[in-house]
Amino acid sequence: MEAAIERLAVAEAADMSRADIMNLLLAKGELQQGLFEMARQVRQEAGQADVVLRGVIEISNACHRSCDYCAMRGPNNELNRYTMTADQILKLAEKIKESGIGICFLQAGQNSWNDALIAEVIPVIKHEIGLDVMLCLGERRQEVYDKWVELGASAYILKFETSDATLFNKITHSQLDNRLQCLDRLRKAGMKFGTGNIVGIPGQSMESLVDDILLGLKIGPDFISTSPFIPNSNTPLEKFPKGSADMTLNTMAILRILLKNPLIPSVSALETVYPEGQTVGLNAGANVLTINFTPKNNQEMYKIYSEQRFVVSLDHALRAIERAGLKVRQGGH
């Protein structure tokens with residue numbers, strides 16, 4: 001395994017074997033710390049050592065998808081649904097601006113019912129409030145992405161979740177090809193875009209985790225993330241164990257070393273699987289933290305990680321950055 005780390009130090013992405021990547025995914029102890037140190041060095045050399053802050057507003061938990069890992073899935077009749085008004089969203093965007101954060105990240109379950117709402121708030125947030133607009137709203141047609149760019153959105157997050165097409169179909173009841181086509185649409189629309197995987201999805205193999213990394217390299221996104229699977233109540237997968245924190249962190253480090261430049265978030269789910277998880281994520285090569293500006297009553301209904309969800313405050317993020325010995329970047333997605 002040490003040899004795999006040594007090869008990683010001088011390798012271009014195409015030079016890494018599947019066996020090398022698998023060995024690095026399993027790294028622990030001193031070997032893992034060596035992997036993280038290399039990730040930090042690559043981050044520094046790529047000029048990506050300062051941490052980008054994003055302010056997220058979770059505008060709606062209504063979703064017509066049926067993904068087995070998510071409590072916001074359409075068939076979950078136990079969940080009270082909400083959708084914010086344009087005025088509510090814009091007031092929260094003002095709070096993001098007042099906090100000194102330059103990016104407003106609008107996130108929701110996938111549904112087209114909110115498209116008119118999105119079209120109303122994007123230009124105000126961009127041109128009147130003066131924030132960059134990032135979206136995470138699921139799969140859409142090319143003309144919808146094009147319209148959002150025209151209105152002022154400049155970045156989008158759409159995770160592929162798993163590179164295993166059979167597993168993707170099983171857990172999302174949709175097709176991986178459709179998801180990948182949407183990433184192509186985002187590129188054509190001119191948006192910066194991010195994608196990534198979930199570590200520990202029930203039924204996932206080590207081979208498919210290697211494939212996740214290779215797919216990430218092939219796509220070449222502007223942002224890439226990895227997060228541990230968190231079992232969610234009122235879902236078909238609620239009784240399965242959490243994903244591995246170590247393999248999640250190792251995936252982050254490998255992606256940093258091989259892709260070098262993309263923004264990589266230290267996701268909030270790390271706080272549920274590892275002590276001071278987001279600081280550890282920063283130490284593994286990440287350089288993004290997302291601050292939650294959703295009102296508490298709506299946060300409780302945005303059940304992306306159910307009762308185990310960790311909600312990131314600005315104070316928490318600043319402490320994590322300080323512990324990692326980093327500083328906040330001004331501007332950028």
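Rings of Phe, Tyr and Trp (its six-membered ring) pair if their centres lie within 6.5 Å; planes under 30 degrees apart count as stacked, over 60 as edge-to-face and the rest as tilted. The legends below describe a predicted model, in which local features need pLDDT of at least 70, side-chain atom pairs count only at pLDDT 80 or more, and totals for chains, interfaces and linings use all residues. Residues are numbered from 1 along each chain as its sequence is written, and side-chain values use heavy atoms, with hydrogens and water left out.

**View 1. Y145, W148 and Y156 form a cluster linked by ring pairs.** By the pairing rule, the count comes to three aromatic pairs. Take W148 and Y156: their ring centres are 6.3 Å apart and their planes meet at 15°, so this pair is stacked. Both partners are buried (under 20% relative accessible area; exposed is over 50%, partly exposed in between; 1.4 Å probe, protein chains only): W148 has 2% relative accessibility and Y156 has 0%.

**View 2. R54 lies over the face of F223.** The distance to the ring centre is 4.9 Å. A charge sits over a ring if NZ of Lys or CZ of Arg is within 6 Å of the ring centre and within 35 degrees of the ring normal.

**View 3. E139 is a buried loop residue.** Look for E139 between strand 3 (132–136) and helix 6 (142–151); helices (H or I, at least four residues) and strands (E, at least two) are DSSP runs, numbered from the N terminus. E139 has a relative accessible area of 15%. Its side chain joins that of R179 through a polar contact of 2.8 Å (a pair of N or O atoms within 3.5 Å; within protein, one must be able to donate a hydrogen and the other to accept it, and residues adjacent in sequence count only if both atoms are side-chain atoms). Leaving aside neighbours within four places in sequence, the contacts of E139 (heavy atoms within 4.5 Å) include R65, Q110, Y145 and C182.

View 4. Strand 2 (103–108) and strand 3 run parallel, joined by five bridges, with I103 opposite D132.

Key: Two strands pair if DSSP finds at least two bridges between them.
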